[in-house]
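Open the model in a viewer and keep the selection panel at hand. The stops below say what to select and what is there.

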There are 2 protein chains.
Amino acid sequence: MGYRKGEIGMELVQVRELFRNKEQYLGKKITVGGWVRSVRDTKTFGFIVMSDGTFFETLQIVYTDKLSNFAEISKFNVGSAVVVTGTLVATPDAKQPFEIQAEEVLLEGASTSDYPLQKKRHSLEFLRAMTHLRPRTNTFQAVFRVRSLVAYAIHKFFQERDFVYVHTPLITGSDCEGAGEMFQVTTLDLNNIPKTKEGQVDFDQDFFNKPTNLTVSGQLNGETYAMAFKNIYTFGPTFRAENSNTTRHAAEFWMIEPEIAFADLKDDMILAESMLKYVIKYVLEHAPEEMEFFNSFVDQGLLERLQHVANSDFGHVTYTEAIEILEKNNDKFEYKVSWGCDLQTEHERFLTEQIFKKPVFVTDYPKEIKAFYMKLNEDNKTVAAMDLLVPGIGEIIGGSQREDDYDKLVAKMKESDLNEEDYDFYLDLRKYGSARHAGFGLGFERCVMYLTGMGNIRDVIPFPRTVNNCDL
Amino acid sequence: MGYRKGEIGMELVQVRELFRNKEQYLGKKITVGGWVRSVRDTKTFGFIVMSDGTFFETLQIVYTDKLSNFAEISKFNVGSAVVVTGTLVATPDAKQPFEIQAEEVLLEGASTSDYPLQKKRHSLEFLRAMTHLRPRTNTFQAVFRVRSLVAYAIHKFFQERDFVYVHTPLITGSDCEGAGEMFQVTTLDLNNIPKTKEGQVDFDQDFFNKPTNLTVSGQLNGETYAMAFKNIYTFGPTFRAENSNTTRHAAEFWMIEPEIAFADLKDDMILAESMLKYVIKYVLEHAPEEMEFFNSFVDQGLLERLQHVANSDFGHVTYTEAIEILEKNNDKFEYKVSWGCDLQTEHERFLTEQIFKKPVFVTDYPKEIKAFYMKLNEDNKTVAAMDLLVPGIGEIIGGSQREDDYDKLVAKMKESDLNEEDYDFYLDLRKYGSARHAGFGLGFERCVMYLTGMGNIRDVIPFPRTVNNCDL
C-alpha cells in the first residue's frame, strides 16, 4: 500500500456528495474510496457494491475485463478497502440512480475470507460482541449517524437561543442529590490502600485529598451558571453504578440539562416541548434515508409517530388528575395506583398512548417522591415538577422549578438528612440575588432510542458500559 | 417571592436582544430581569446598572421618586435580582446606546451587603476560590460565553462537513497508548478491598469484573469509527492523574479528536488549519464585545494575532529542518537541541514567533519520540506526525497519519512492549480493509486559552480539577 503522500486523500468525492448533488457529477470522471459490501462477476464484467461511510445508500461500480486486474478484483473479499476511478453514469432503469463505470480499481487494503460481517443479516446480539466492526453494518451506520445528528441538533437548538453551553465536572467530591450508586475515582494503590491511625482510608494521600466519585448529574453546578448567564445547558457524560441489567440502563451515558433563570415550570415545559420538536424535525430532514430504514426494518410506524409528535400540542395534566384517570383503569395494571405512588412505565404509557394519544406533561407530583431541590407548591403537598411522557416509551424528560427560597430549601435539606455544609455554594444562590429558575434532564440515549426505535440501549452507544461489560 | 405561575418567565426581553435589535424596542414598554451590578441615587432619581447574563454589556435603568418603592430600590445590594418594566429610550449623548426609564422595579431576590463580588476589581486568584460566583464577573462572563461558542463552532465545522460525532467511552478497561497516569474507577469498598487467594485485588467483585480507568484519549476507539464512517470526530472529557501543578495542566479536560480515512498527513494538516481558522472567525464574529474585552484587559495584541492567524497560510517545516534552524540558535535556549530530542515550548515558540511569524506545522518526527501507532515513513527513521505551533503558545494540536500496515504495527507494538491481545480490535482494522487514515488531537482548554489570552487553565474551566482540588 505504502505512503502515497498527497496522492488522493480528501480529493476523493464522497458518496454523500454524489447522491445529494448528482447533477454536478453525472458524466464526469471521479475517484471514490470505500469498503466493499459485495462483489459479483460474470466472465467479462462484474459489480462491486461499496460504501464509503458518508451515506446510507451504497454505490454500485461496474468493472469489465478491459481492466488488467479484472481477475484480482473479482476475488476481493467483503470488507476490502478500494479506490475506484471512473465515470458516473445515470441508470434510469435501475433501483439505484447511477453507477460508476470503472477505469481503475485499486486495492487500498485487503480483507480476509473470514471477515465477520458477511452479506447475510446478523443479529444485534451477535454484533454487540464486535463493537469495533458493527458500525460498518446498515443498522449501525443508521444509528450512529442519527446519534451524531441528534447531538448536533440539541446544540444548535440551544445555541440559536443564546444558551451558554457549560461543561460541568465529571469527577466530583460531593454526591450531589444522593441519587443512585456511584463509581469511586482514586489514584490510591488498591493492593495496598493507605490507612490512617484510626484504620480508615487515608484520603490525604489520594489525588484530590478526599474521596471523589463520577458525577450522576450536572444540575447543581448548572444552576450556579444559570444564576450568572440566565440560560445555560449542559451536555456531558453521567454515570450510575447500578447493578441493573436491563435494556434501558447503562453505567455511562450522556445527559442534557438546561437550566433557565427568571423562568418557572411553565417556561420549562415550553422549552422541553420546543426542543423535542426541533430535534425530531432536524433528524427527519437531515437523515431521511436512515429514518426510512428504521421505519421499515426496526420499528414500523416510527415515522408516523414522530411526525405526529412534531405537530401536536403536548398535553398537560397534574399528577393528581392523572391518578384519578389511572385509578379508574386500575384493573388494567400490574401495579395498582393511588395518590402518593410513583408512576410506573405501564401507567405512563397508558396516559400518553390511550388517554392523550400524544406527548403529555404530568406536573405537580407529591413532594415525598421527588428530589429535595424541587420547588414546593402553595398546597404544601406537591412540588413544581414535570415529567414528559411520550407514546411508545413513557418518560423521556424530567424537570422541575427549583426551590429558590433559602429558608424552605434549608428546611427541606434537613428533612432529607443532607449535610448543609456540602451545599454552601448551592445555598449561596438563594442568598445572593435568588431568582425563580427551572430546568430539566434529557437522557441522550433514551432520546436516540426514541428517535430510532432501537430497543436496547447497548445498540445506541458506540462502546456501551454495563454491569460486567467494559470492552474496548 | 412566591410561585407566580405563568406571570412573566421567558416573556422577559433579553438584554442581548435589546443590543442586537434595538430598533424593535426603542420607545416601547418592555420587561427585563437580571442582577444588580451597582445602584447610585440622588434625592429624586437613581441609576441601576444590571446584567441579565445574556450579553456582555450592562443595561442602565433610570428610576425616579415617582415609584412608590423609590427608597427601597436605592438600598438594593449588589447582586440582587430585579425585574424591571419601563420604556427603552435612546441616549445618544451617553456612553451606552440606551437606557430603560422604569415604571416598576420589583425585587426578585435580595442580596446581602457582604456579597463577595463588590464593584471593585477582584484578582483571578481571589475569584478562583468561589467557582460558583465568579461567572457573574465581567472576565468570566466573557470567558465562559466564548468557551461555549468555541465548543459550538467546533461542532458546526465538523457537522457542516458531514463528520460523524462519536462519543468514545470515558471508563475504559485498557490503558490505550499507555500515556500518563490514570485514575482508577471502582465500586469496591476501599476500606475493605476484597482479595483473591493469591492476595491480589479481587476484581471479579468489581462492577466491570476487571480493573478500569478513566480514558486518556478516545483516538483508538475513534479509529474504529473512521474505518466505518470515513470522517468522524470526538469531543469529550479526558483525564490525567499527573501530579503537575502548572498553569497549563488540569486533571480533567476536554479533547477534540477527528479521524479521517482515505486520507494522509497532508489532508490532516489541511483539516487542522481549516478548523482553527473557522473557530477563530466564528468567535470574532459572534463574541465581538468579549473579544474586545480580552484584547483590552487580558492580552493586548490578541485580536491582531488572531486575525493574522485566520488570514495566514500556515507554514510547514520538517522536524529535521526545524532542528537545523534551531541548532544555529542554540545560544538562545535553556535546553540545547540536537536531532532526536523533543522540542520544548521555548523552541516551539521561537520557530513560530521568530522564524515563521505565523502558525507552522512541524512534521516527520523521529519515531523514538512519538507514539507506537504513528505511520513509519520510508526513511525508517521518522514517522508521519505533525504538531501545529502557534505564536504566543507553542503546540496547540498534535496529530499523525496512523500505521495502517498490519505487520509494521505488530512489530512496533512488540518494540513498545505492548500486549498484542489488548489491541486485537485495533489490529482488526488493519486486517479487514485497512485504509490510510490520519487524525489529530486538540486540547479544548488550550484552545480557549489561546483564543481568550487567559493564562491559567483554571480560569477557562467552570469547575477545574487539579491536584488536591476538587471543589463543587
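Select residues 184–186 and 212–214 of chain B: these are strands β8 and β9, which pair in the antiparallel sense over two bridges. Within this pair, Val185(B) has Thr212(B) in β9(B) as its bridge partner. Bear in mind that the model is predicted.

Now widen the selection to the whole sheet. It is open and has six strands, in the order β7(A)-β9(A)-β8(A)-β8(B)-β9(B)-β7(B), with antiparallel pairing. The edges are β7 (171–172) of chain A and β7 (171–172) of chain B; each has a single partner strand, so one side of each is left without a neighbour in the sheet.

Next, show both chains as C-alpha traces. Chain A superposes on chain B by a rotation of 180 degrees with 0.0 Å of shift along the axis, at an RMSD of 0.0 Å. The two copies are thus related as by a two-fold rotation axis. Which C-alpha of chain A is nearest the axis? That of Val185(A), 2.5 Å from it.

Stay with the two chains and colour the interface. The contact takes 139 residues from chain A and 139 residues from chain B. Of the interface residues of chain A, 100% are also interface residues in chain B, so the copies meet through the same surface. About 11500 Å² is buried between chain A and chain B, and carbon and sulfur atoms give 59% of that area.

For the polar side of the interface, look at pairs across it. There are 47 residue pairs in polar contact between chain A and chain B, counting those with both residues at pLDDT 80 or more. Six salt bridges are found across the interface of the two chains. To view a salt bridge, select Lys266(B) and Glu11(A), whose side chains meet at 3.5 Å, N to O. Then select residues 138–160 of chain A: this is helix α4, which gives the most to the side of chain A that touches chain B, with twelve residues.

Move on to residues 219–229 of chain A, helix α5. Eleven of its eleven residues are buried, so the helix is largely enclosed by the rest of the structure. Among the buried residues are Gln219(A), Glu223(A), Tyr225(A) and Phe229(A). After α5(A) comes Lys230(A), with a positive phi near 75 degrees.

Another enclosed element is strand β16, residues 437–443 of chain A. Seven of its seven residues are buried, so this strand is largely enclosed by the rest of the structure. His437(A), Gly439(A), Gly441(A) and Gly443(A) point one way from β16(A), while Ala438(A), Phe440(A) and Leu442(A) point the other way.

Strand β11 (residues 252–261) of chain A pairs with β16(A) in the antiparallel sense over five bridges. Strand β15 (residues 394–401) of chain A is also antiparallel to β16(A) and is joined to it by five bridges. Centre on Gly439(A): this residue of β16(A) is the bridge partner of Glu259(A) and also of Ser400(A).

For the last stop, go back to chain B and select Thr85(B), in strand β4 (residues 81–90). Is Thr85(B) buried or exposed? At 13% relative accessibility, Thr85(B) counts as buried. Beyond its neighbours within four places in sequence, Thr85(B) is in contact with residues including Lys29(B), Ile30(B), Thr31(B), Gln101(B) and Glu104(B). The C-alpha atom of Ile61(B), 24 residues away along the chain, is separated from that of Thr85(B) by 9.6 Å.

Note on methods
Residues are numbered from 1 along each chain as its sequence is written. Chains are lettered from A and ligands numbered from 1 in the order in which they are written. This is a predicted model: local features need pLDDT of at least 70, side-chain atom pairs count only at pLDDT 80 or more; totals for chains, interfaces and linings use all residues. Side-chain values use heavy atoms; hydrogens and water are left out. Two strands pair if DSSP finds at least two bridges between them. Helices (H or I, at least four residues) and strands (E, at least two) are DSSP runs, numbered from the N terminus. Buried means under 20% relative accessible area, exposed over 50%, partly exposed in between (1.4 Å probe, protein chains only). Copies are superposed by least squares on the C-alpha atoms of residues with pLDDT of at least 70 in both. Contact means heavy atoms within 4.5 Å. Buried area is the accessible area (1.4 Å probe) that two parts lose on being put together, summed over both. A salt bridge is a side-chain nitrogen of Lys or Arg within 4 Å of a carboxyl oxygen of Asp or Glu. A polar contact is a pair of N or O atoms within 3.5 Å; within protein, one must be able to donate a hydrogen and the other to accept it, and residues adjacent in sequence count only if both atoms are side-chain atoms.
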